[in-house]
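Here is a short briefing on a single chain. Please look over the sequence and the model before reading on.

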Amino acid sequence: MKSFSSSSNSSTITGFILLGFPGPREEQILLFVLFSTVYLLTLMGNGSIICAVHWDQRLHTPMYLLLANFSFLEIWYVTSTVPNMLANFLSDTKVISFSGCFLQFYFFFSLGSAECFFLAVMAFDRYLAICRPLHYPTLMTGQLCNILVATCWALGFLWFPVPIIIISQMSFCGSRIIDHFLCDPGPLLALTCSRAPVMEFFWMILSSLLLFVPFLFIMGSYALVLRAVLRVPSSAGRRKAFSTCGSHLTVVSLFYGSVMIMYLSPTSEHEAGMQKLVTLFYSVGTPFINPVIYSLRNKDMKHILSCAAHRQNWRTLC
């Protein structure tokens with residue numbers, strides 16, 4: 001395990017302090033209750049979508065299989081940060097071990113990377129369904145859907161391991177305090193004994209490619225979708241086409257909007273506080289909101305979940 005050395009070399013520390021959201025004890029308990037509730041509702045909401053897709057044969061289509069995988073991803077995405085954050089609310093030391101910090105670092109960014117790829121694949125699925133409706137069943141086969149799902153998971157977990165391993169091998173000096181609720185590359189690189197401009201540039205390139213390539217692909221897909229929809233003669237047909245994309249576009253807007261605010265907004269004196277709030281929104285808020293968006297804006301999903309809620313044997317659905 002890599003050690004964390006103080007500037008005086010008088011001691012060796014094997015962990016970091018995550019400040020999180022500092023405040024009095026009563027405020028910490030209130031935040032613990034709030035985020036515990038949000039976490040449980042997030043698990044229940046995304047779990048309900050997974051169960052509904054698994055249970056109802058009518059939802060065994062590429063669109064809903066992608067949605068079920070996306071919901072499964074969201075469960076693990078929020079789990080990579082919230083349990084440790086909840087423990088810190090009740091902790092006096094707020095210490096996270098060195099290995100625990102970098103494991104969280106890896107899983108948080110890997111799952112976030114997979115989310116970018118899943119959003120792009122889901123946009124591609126909507127493009128085929130609307131722009132190529134007659135060829136859709138032969139193009140988006142079950143086999144292709146499985147390949148796309150596996151590719152999203154693989155690319156997500158293979159995107160960042162090399163820079164994360166390199167950062168974990170650096171020497172950390174002086175303060176071990178991370179002014180964040182998770183292990184983030186910015187605060188971590190600020191704690192290294194010497195600047196690593198090559199590593200910072202490498203991280204920026206990987207992050208930019210991850211954000212903008214899927215985003216441009218999504219925007220291109222929906223530009224083609226919009227062109228196809230505007231050619232539909234009936235207003236009812238246009239509404240139906242837009243309704244199949246509305247949920248996904250809303251989720252894309254929330255996720256990419258918050259991420260790009262953090263990466264593209266100008267630096268301010270409240271940068272650390274703003275970074276925590278924006279990160280909190282896309283790492284905790286969007287996984288909590290997404291099941292609501294997909295349930296309210298999708299008639300099939302709304303109907304299945306409504307029927308399931310009235311069943312006495314709900315536990316047997318999965």
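Predicted model: local features only at pLDDT ≥ 70, side-chain atom pairs only at ≥ 80, totals over all residues.

Residues are numbered from 1 along each chain as its sequence is written, and side-chain values use heavy atoms, with hydrogens and water left out.

**Whole chain**

- The chain has 12 helices and 6 strands. Helices (H or I, at least four residues) and strands (E, at least two) are DSSP runs, numbered from the N terminus.
- Of the 318 residues, 47% are buried. Buried means under 20% relative accessible area, exposed means over 50%, and partly exposed lies in between (1.4 Å probe, protein chains only).
- Take the contacts between residues at least 6 apart in sequence: 80% of them join residues at least 24 apart. Contact means heavy atoms within 4.5 Å.

**Helix α1 and its partners**

- Two packed helices are described by the angle between their axes and the distance between the axes. Axes are lines fitted to C-alpha atoms, for helices over the stretch in contact, and angles run from 0 to 180 degrees between N-to-C directions.
- Helix α1 (residues 25–55) packs against helix α3 (residues 82–89) at about 155 degrees, with the axes 9 Å apart. That makes α1 roughly antiparallel to α3. Angles under 35 degrees count as roughly parallel, over 145 as roughly antiparallel, 65 to 115 as roughly perpendicular and the rest as oblique.
- α1 and α3 cross in a left-handed way. A crossing is left-handed if the near helix is turned anticlockwise from the far one by less than a right angle, and right-handed if clockwise.
- On the α1 side, the contact with α3 uses Arg25, Gln28, Leu31, Phe32, Phe35, Ser36 and Tyr39. On the α3 side are Val82, Pro83, Met85, Leu86, Asn88 and Phe89.
- By class, this contact of α1 with α3 has 9 nonpolar, 3 polar and 1 charged residues. Ala, Val, Leu, Ile, Met, Phe, Trp, Tyr, Cys and Pro count as nonpolar, Asp, Glu, Lys and Arg as charged, and the others, Gly among them, as polar.
- α1 also packs against helix α2 (residues 62–79), at about 155 degrees and with axes 9 Å apart. α1 and α2 are therefore roughly antiparallel to each other.
- The crossing of α1 and α2 is left-handed. Its contact residues include Tyr39, Leu43 and Ile50 of α1 and Leu65, Phe72 and Ile75 of α2.
- The contact of α1 with α2 counts 12 nonpolar, 5 polar and 1 charged residues.

- α4 and α6 pack at about 150 degrees, their axes 7 Å apart. Their crossing is right-handed.
- Among the residues in this contact are Phe107, Phe117 and Phe124 of α4 and Cys152, Trp153 and Phe157 of α6. The contact of α4 with α6 has 14 nonpolar, 3 polar and no charged residues.
- Which residues of helix α7 (residues 161–168) are buried? They are Pro161, Pro163, Ile164, Ile167 and Ser168. They cover an arc of only 165 degrees around the axis, which puts them on the same side of α7. The arc is that of the directions from the helix axis to the C-beta atoms.
- Val162 and Ile165 are exposed on the other side of α7.
- The cover over the buried residues of α7 includes α4 (98–131), α6 (142–158), β5 (172–173), α8 (185–190) and α9 (197–230).

**Single residues**

- Gln104 sits in helix α4. Gln104 is buried, at 6% relative accessibility. Beyond its neighbours within four places in sequence, Gln104 contacts residues including Leu18, Asn84, Ile96 and Cys183.
- Thr279 lies in helix α11 (residues 271–297). Thr279 is buried, at 0% relative accessibility. Residues up to four places away aside, Thr279 touches Phe108, His180, Phe181, Leu182, Met262 and Val284.
- Thr279 and Met262 are 17 residues apart along the chain, and their C-alpha atoms are separated by 7.8 Å.
- Thr250 is in helix α10 (residues 235–264). Thr250 is partly exposed, at 28% relative accessibility. Thr250 and Ile293 are 43 residues apart in sequence and 7.7 Å apart in space, C-alpha to C-alpha.
- Lys94 lies in the loop between α3 and β4 (95–97). Lys94 is buried, at 14% relative accessible area. Phi of Lys94 is positive, near 60 degrees. Most residues other than glycine have a negative phi.
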